[in-house]
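Thanks, everyone. I'll be quick.

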Amino acid sequence: MAELLYFTGTMDCGKSTLALQMDHNHRARGRVGRIFTSRDRAGDSVLSSRLGLSAEAVEVREEFDFWDYVVGELTHGGRVDYVVCDEAQFYSPLQIEQLARLVDELQIDVFCFGILTDFRATLFPGSARLVELADRMELLQVEALCWCGERATHNARTIGGEMVTEGEQLVVGDMETRDHEPAYEVLCRRHHRRRLTQARARATLSPEVLPFGGAAS
């Protein structure tokens with residue numbers, strides 16, 4: 001039986017790497033699939049990992065219809081055994097329902113990868129619908145770490161190293177801090193609540209209370 005699976009975790013937990021590995025494993029067994037992504041850090045129509053791996057992908061925009069796309073592929077003689085969907089948090093609830101329909105009506109395996117919550121610790125609409133519809137959710141086992149060394153559970157948006165809590169939900173950025181551009185950092189719940197980022201910790205805490213030999217890293 002085909003399944004709708006959701007692999008989730010914070011930023012920097014290896015979800016895109018796992019998505020690429022999942023595609024590789026299925027292709028190695030002779031299965032034929034498609035890769036989809038949305039707003040990847042490397043640009044349109046590419047699924048990229050921070051480890052430097054990448055693959056061509058179909059860009060999922062607001063008007064994209066998974067059902068129409070796959071049915072069109074099958075109608076024209078194509079084969080689709082599975083689909084890999086990265087950055088699934090950016091998909092609309094309707095698009096998530098289309099993915100569930102692929103599973104239920106066409107017996108196509110759907111592997112989704114994404115983060116649950118935004119920088120305000122609020123569920124993304126796509127992730128919320130996946131929580132409601134997925135046959136199974138799996139928390140990724142590669143633990144991203146807060147600067148304090150604890151397991152990171154929240155995604156923070158920063159500007160110049162300072163955490164911000166207002167702004168549009170969908171702003172693409174990376175983990176590298178820039179002076180005047182949005183970036184992201186993963187934090188434990190305690191430090192997300194206190195808005196204590198790595199840069200702020202370095203500036204305000206005495207070295208002896210910082211982990212890793214006095215350097216917040």
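When I say contact, I mean heavy atoms within 4.5 Å. Take Phe 66 on that basis. Leaving aside its neighbours within four places in sequence, Phe 66 is in contact with Phe 36, Val 60, Cys 85, Tyr 91, Gln 95, Gln 98, Leu 99 and Leu 102. Keep that residue in mind. And remember throughout that this is a predicted model.

Now the overall picture. The chain has seven helices and eleven strands. There are 217 residues, and 45% of them are buried. Look at contacts with a separation of 6 or more: 71% of these link residues 24 or more positions apart. The accessible surface is about 11,100 Å². Carbon and sulfur atoms account for 48% of that surface.

Which strands does strand 6 pair with? On one hand, strand 2, residues 33-37, in the parallel sense over four bridges. Ile 35 stands opposite Val 84 there. On the other hand, strand 7, again parallel and over four bridges. Here Cys 85 has Cys 112 of strand 7 as its bridge partner.

Are the faces of strand 6 covered or open? Both are covered. Tyr 82 and Val 84 are buried on one side, Val 83 and Cys 85 on the other. Follow the chain onward from strand 6. Strand 6, helix 3 and strand 7 make a right-handed β-α-β unit.

Next, the packing. In soluble globular proteins, nonpolar side chains tend to be buried together. In this model, the largest nonpolar core has 24 residues. Those with the most contacts inside it are Phe 66, Cys 85, Tyr 91, Leu 99, Val 110 and Cys 112.

Helix 3 gives the most, with five residues. There is also a second, separate core of 14 residues. Leu 5, Phe 7, Cys 13 and Phe 113 are among its members.

Now turn to helix 2. Phe 66, Trp 67 and Val 70 are buried in it. Seen down the helix axis, the buried residues fall within an arc of 95°, so they line one face of helix 2. What do they pack against? Strand 2, strand 6 and helix 3. The face turned away from the buried side carries exposed residues, Asp 68 and Thr 75.

You'll find it in helix 1, residues 15-28. Is Arg 27 buried, exposed or in between? Its relative accessibility is 47%. Buried means under 20% and exposed means over 50%, so Arg 27 counts as partly exposed. Arg 27 and Asp 81 are 54 residues apart in sequence. In space, they are 9.9 Å apart, C-alpha to C-alpha.

Over to you for discussion.

How values were computed:
Residues numbered from 1 in each chain as written. Predicted model: local features only at pLDDT ≥ 70, side-chain atom pairs only at ≥ 80, totals over all residues. Heavy atoms only, no water. Helix = DSSP H or I, 4+ residues; strand = E, 2+ residues; numbered from the N terminus. Buried < 20%, exposed > 50% of the residue type's maximum accessible area, 1.4 Å probe, protein only. Areas by Shrake-Rupley, 256 points an atom, 1.4 Å probe, with all protein chains shown as cover. Core = buried A, V, L, I, M, F, W, Y, C linked by side-chain atoms within 4.5 Å. Pairing = 2+ DSSP bridges. Right-handed = clockwise from strand over helix to strand, strands pointing away. Arc of directions from axis to C-beta.
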